[in-house]
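Visitor: I would like to learn how to read a few features of a model. Please take me through them one at a time.

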Amino acid sequence: MATTKSNPLIMLTIAIFITHSTTTTTTKANSNNLHQEKQSHLHFYLHDIVSSPNPTAIRVAAANTTNKSPTTFGAVAILDDPLTEGPDAHSRLIGRAQGSYMFASKEEVGLLMVVNLVFFESGGGGGGGGSVTVVGRNAVKEGVREMAVVGGSGAYRFARGYVLVSTYSLDAITGDTVDEFDVYVEHR
Ligand SMILES: *[C@@H]1O[C@H](CO)[C@@H](O)[C@H](O)[C@H]1NC(C)=O
C-alpha cells in the first residue's frame with residue numbers, strides 16, 4: 001500500500017493486515033485521528049451438540065403446545081457451544097458461544113438467538129481476547145442466515161457488524177449441528 005507522508009492534506013490510511021489463522025484485522029486511522037476503527041473478519045465453526053451424554057445446548061423451557069408444533073414453536077434452549085478453527089470438533093478451540101435460542105416462528109424453524117461469542121484470544125493482535133454479542137433471526141433451514149453484532153467487549157469494544165451463518169453439517173440421527181460462522185465487525 002502506498003502512503004503519502006509529505007502531504008498532510010491527504011488522508012493517511014494505515015492498513016495493518018494481521019493474518020491470524022481465523023481472523024483478519026484491518027486498522028484505519030482517519031485524518032484527524034479521533035478514532036481508530038478496526039475491521040475484523042473472524043471465521044470459525046460452532047458445534048451445537050444436543051445429544052447425550054454431554055450436550056452443549058439444552059432445552060430449558062417449552063409451551064404446553066410445543067410438542068405439537070412442527071416448528072418446535074415455544075421452546076427455549078441455553079447453549080455453551082465450542083467454537084473451533086476448523087469444522088472438525090477436535091480442531092483448535094478458539095472460543096465459546098454462550099447464550100440462548102428460542103424457537104420463535106410458527107411457519108418454519110426460526111430461532112431468535114441472543115448469544116455472546118467469547119474468544120480466548122483477540123483477533124490478530126494478541127492480548128486479551130474479547131467477545132461480540134449477536135442478536136438475530138436464524139432460520140436454520142435457509143442457506144445463509146444473517147444476524148446483527150450489537151456490541152462487544154475487550155478487543156471488540158464498540159463492536160457493530162453482522163454475522164453470516166451456514167450449516168456445515170447436520171447429523172440426522174442425533175440432531176448435532178456444525179455451523180460455519182463469518183463475523184464481520186468494526187470496533188476500536
Ligand atoms: C395449555 O395451557 C393453557 C393455559 O394453562 C391451557 O388453557 C391449555 O388448555 C393448555 N393446552 C394443552 C394442549 O394442554
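**A serine pair and its surroundings**

Guide: Start with a side-chain pair: Ser 131 and Ser 153 make a polar contact through their side chains, at 2.7 Å. A polar contact is a pair of N or O atoms within 3.5 Å; within protein, one must be able to donate a hydrogen and the other to accept it, and residues adjacent in sequence count only if both atoms are side-chain atoms. This is a predicted model, where local features need pLDDT of at least 70, side-chain atom pairs count only at pLDDT 80 or more, and totals for chains, interfaces and linings use all residues. Residues are numbered from 1 along each chain as its sequence is written, and side-chain values use heavy atoms, with hydrogens and water left out.

Visitor: Is Ser 131 buried or exposed?

Guide: Buried means under 20% relative accessible area, exposed over 50%, partly exposed in between (1.4 Å probe, protein chains only). Ser 131 has 12% relative accessibility, so the residue counts as buried. Ser 131 sits in strand 8. Strands (E, at least two residues) are DSSP runs, numbered from the N terminus.

Visitor: Which residues is Ser 131 in contact with, leaving aside neighbours within four places in sequence?

Guide: Contact means heavy atoms within 4.5 Å. For Ser 131 the list includes Leu 117, Val 118, Phe 119 and Tyr 156. Phe 119, in turn, touches Leu 42, Phe 44, Leu 83 and Ile 94, among others.

**The core**

Visitor: How do I read a nonpolar core?

Guide: In soluble globular proteins, nonpolar side chains tend to be buried together. A nonpolar core is a set of buried Ala, Val, Leu, Ile, Met, Phe, Trp, Tyr and Cys residues joined through side-chain atoms within 4.5 Å. The largest one here has 29 residues; Phe 44, Leu 117, Phe 119 and Val 132 touch the most other members. Strands that each supply at least two residues include strand 3, strand 8 and strand 11 (177-187). Strand 7 gives the most, with five.

**Backbone details**

Visitor: Which peptide bond is cis?

Guide: The one from Ser 52 to Pro 53, with omega near 5°. Pro 53 belongs to the loop between strand 3 (36-48) and strand 4 (57-61).

Visitor: Where is Thr 72, and where is Phe 158?

Guide: Thr 72 is in the loop between strand 4 and strand 5 (76-84). Its phi is near 60°, a positive value in a residue other than glycine. Thr 72 is partly exposed, at 24% relative accessible area. Phe 158 is in the loop between strand 9 (145-154) and strand 10 (160-170). Phi of Phe 158 is positive too, near 65°. Phe 158 counts as exposed because its relative accessibility is 53%.

Note on methods:
Helices (H or I, at least four residues) and strands (E, at least two) are DSSP runs, numbered from the N terminus.
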